[in-house]
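Here is a short report on a predicted protein model. Keep the sequence and the 3D view at hand while reading.

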Amino acid sequence: MTAQNGNSFGIKGGLNYSANGDYFESASANAKNPDRNIGYHIGLFGKIGNRLYLKPELMYTATRSDYYSDEFSVKKIDAPVLVGVKILGPVSVFAGPSFQYLLDTEFEGIEIDNVEDDFSVGLNFGIGLSFNNIGIDLRYERGFSENEATFIDTNIGAGVVSRIDTRPDQLILSLSLAL
């Protein structure tokens, strides 16, 4: 059975390019060091349908992003539930909610224990290409709800409380293989 013709399941993985705050502002600021915001994901997908399809996924994702010249890393479980439609030959478009569960957050060696919500919801939308049992897709993900991590910076002296926006804001490039 092929990946984009009928029901299938398989494995997928790829790269994530993350940002904090305004995505396009962050991307232009990191043009000098483009590898600083690269993360990865790996997991499983299912696909139900043909021309119009439902595609649930379950991924382990590790991202990192620049935040005032320091690195902020996140490890999480993502569960997008996408609805897609073939538009022309091997090309399809898709969109849907993504449910995230934060496993771990770290800011330049400081463990962050106080994240408002370990669970959050975002939106994925993108475009995919499929050839037999191999697929590639590019999508944008953005978190819906504000979710901040709080930590105390003891290096400055008096213990300044700082906050980081942990909402996903990223481009995701994936390669999939239907089994």
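## Aromatic pairs

F99 is partly exposed, with a relative accessible area of 32%. Partly exposed lies between buried, under 20% relative accessible area, and exposed, over 50% (1.4 Å probe, protein chains only). F119 is also partly exposed, at 48%. The structure holds three aromatic pairs. The ring centres of F99 and F119 are 6.3 Å apart and their planes meet at 10 degrees, so this pair is stacked. Rings of Phe, Tyr and Trp (its six-membered ring) pair if their centres lie within 6.5 Å; planes under 30 degrees apart are stacked, over 60 edge-to-face, and the rest tilted. F99 sits in strand β5 (residues 91-107) and F119 in strand β8 (residues 119-131), so the pair ties together parts that are 20 residues apart in sequence.

F125 and Y140 form a tilted pair. Their centres are 5.7 Å apart, with 55 degrees between the planes. F125 belongs to strand β8 and Y140 to strand β9 (residues 134-143), so this pair links parts 15 residues apart in sequence. F125 is partly exposed, with a relative accessible area of 41%.

| Aromatic pair | Centre to centre | Angle of planes | Class |
|---|---|---|---|
| F99 and F119 | 6.3 Å | 10 degrees | stacked |
| F125 and Y140 | 5.7 Å | 55 degrees | tilted |

## Lysines over rings

The charged end of K47 sits over the ring of Y53, 5.2 Å from the ring centre. K55 lies over the face of F45, at 4.9 Å from the ring centre. A charge sits over a ring if NZ of Lys or CZ of Arg is within 6 Å of the ring centre and within 35 degrees of the ring normal.

## Strand β4

D78 is placed in strand β4 (residues 70-88). Is D78 buried or exposed? D78 counts as buried, at 5% relative accessibility. Leaving out residues up to four places away in sequence, D78 touches E57, L58, M59, T61, S98, F99, Q100 and E141. Contact means heavy atoms within 4.5 Å.

K75 is also in strand β4. K75 is partly exposed, with a relative accessible area of 31%. The C-alpha atoms of K75 and D104 are separated by 5.1 Å, although the residues are 29 apart along the chain. With residues up to four places away not counted, K75 touches Y60, T61, A62, L102, L103 and D104.

## Whole chain and confidence

The protein has one helix and twelve strands. Helices (H or I, at least four residues) and strands (E, at least two) are DSSP runs, numbered from the N terminus. Of the 179 residues, 44% count as buried. Residues 24 or more positions apart account for 62% of the contacts with a separation of 6 or more.

The average pLDDT is 79, and 65% of the residues score at least 70. pLDDT is the predictor's confidence in each residue, from 0 to 100. Among the elements, helix α1 (residues 23-29) has the lowest mean pLDDT (49) and strand β2 (residues 38-49) the highest (96). Over residues 21-25 the pLDDT is below 50.

Residues are numbered from 1 along each chain as its sequence is written, and side-chain values use heavy atoms, leaving out hydrogens and water. This is a predicted model: local features need pLDDT of at least 70, side-chain atom pairs count only at pLDDT 80 or more, and totals for chains, interfaces and linings use all residues.
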